[in-house]
Amino acid sequence: MNYTHWEPNSALIRNYLEHSSEAVENLLEIGYQFKEANFRFKTPFVDEKGGFHLILTDVDKRVRLWAEAYEKYGVDVFFNTAAKEVLKENGKIAGVAGQRKDGSKVTVHAKSVIIASGGYLGNKELLLKYLGTTHVNVAARGKSLCTGDGLAIAQKAGVILDKTFGYCGCEYGGTNPKASRPATQDKYDQNPAFKFGIYGNLLVDSQGKRFMNEGLLCDYPMSYGEEPTLRHSPYYAIVDQEYVDKMRDEGLYEYLTKRGANHDNWFIGSYYKQRGALRSLDSDLEEGIHEGWIVKADTLEELAKKTGFDHLTGTVASYNSYCEKGEDEQFGANPWYLSSVKQGPFYAIECEVSAWSTFGGVKTDDECRALAEDDQVIPGMYVVGTDNGSMMYSPYYDIPGFCYGSCIGSGVIAGHGASAYAKA
């Protein structure tokens, strides 16, 4: 709550945390496997304080486990059926109207409804509306079925939206739709040249202006790095041949530890120590050049001309002066991240934001009950996961697993509430 300046619904956050163990127990019951682990990012939840629950069960097996659980508990699932409207009678929830893929209608009568459609990452129109750009790409296997249907249905039913909209960014770096190997699911399945968008080297916007402390993007990619890169997506990594050679032959860990980073002042270094050097970088860069998301030039002036970055040469001159002084007078980056851009050829790598999910949506109370104007509860309507606008904050929490945890935790809360309301 301190990290978010107490902007989300604190009572809801507390309620979710108190139900998180029950959520994990439910998943264990249907066959999930976990291990308790620490994470590479600094959080207060480590060691004796608990760590987090790493899911060992692969996605395909999870689908089978859910199918078995549905059958065991008598849950009916309507596949290839879109929910279209929450039905009301005398101001109370009465069910859901839907439409099958073949166009036929279906009505489910119910006293309570839980909206859990997963946000709007697959809807470019809503991305532009809520995040201000369409340059947001799907990290989870490159596609998303989450197109904001739940938000549209809820708004038809009279809910109000909470004020925070954002996204859960991919901590493995940027991506680009032009690439044959964009960021999809695995840590390193995208073209490794995209790592220049997250390694702490010089980044510029579409005018060639520097816009952030790049080291924070390396250290805290999902929190400190999210808003600046979203605001400037696409953004561009500017590197010279010397830096390319170092990343290919040494890797980020060896390079930065020689420049003053160590275990005490660079906590994420242990993660990069495991990753090693980018051995295939020469061919990776050539692939990006061929596909049109990397520009190469012999001089900075030529690079500025090819990219159309009017301010690039001036930006690099200022940045190089910070490198020489060992002090970032503009944004205060740690000195080990300051790598001068002097030795041609030079490269501009175009990166766009990559996201696991969006967040932001319906305003709820601490029991996940949807709220109408003046914070009046809509009896029988519950909203969970990334459709719930009252749990999240922008930028994303500096707590790994919060998005997934809040989804299953809020699901438990709403499940109890919806069941009790329907039986009352």
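This is a predicted model: local features need pLDDT of at least 70, side-chain atom pairs count only at pLDDT 80 or more; totals for chains, interfaces and linings use all residues.
Residue numbers run from 1 along each chain as its sequence is written, and side-chain values use heavy atoms, without hydrogens or water. Local features need pLDDT of at least 70 and side-chain atom pairs count only at pLDDT 80 or more, while totals for chains, interfaces and linings use all residues.

**View 1. Q190 sits in the loop between β8 (166-169) and β9 (203-204).** Strands here are DSSP runs of E, at least two residues, and helices are runs of H or I, at least four, numbered from the N terminus. Q190 is buried, with a relative accessible area of 1% (buried is under 20%, exposed over 50%, partly exposed in between; 1.4 Å probe, protein chains only). A polar atom of its side chain lies 3.1 Å from the backbone oxygen of Y172. Beyond neighbours within four places in sequence, Q190 is in contact (heavy atoms within 4.5 Å) with residues including Y172, R181 and K195.

**View 2. Y272 is one of the residues touching the most other members of the largest nonpolar core.** Such a core joins buried Ala, Val, Leu, Ile, Met, Phe, Trp, Tyr and Cys residues through side-chain atoms within 4.5 Å. Leaving aside neighbours within four places in sequence, Y272 is in contact with C218, L252 and W266, among others.

**View 3. The structure holds 0 disulfides.** A disulfide is a pair of cysteine sulfur atoms within 2.5 Å. The sulfur of partly exposed C146 is 9.4 Å from its closest cysteine sulfur, in C407, too far for a bond. For C218, the nearest cysteine sulfur, that of C351, is 13 Å away.

How values were computed
A polar contact is a pair of N or O atoms within 3.5 Å; within protein, one must be able to donate a hydrogen and the other to accept it, and residues adjacent in sequence count only if both atoms are side-chain atoms.
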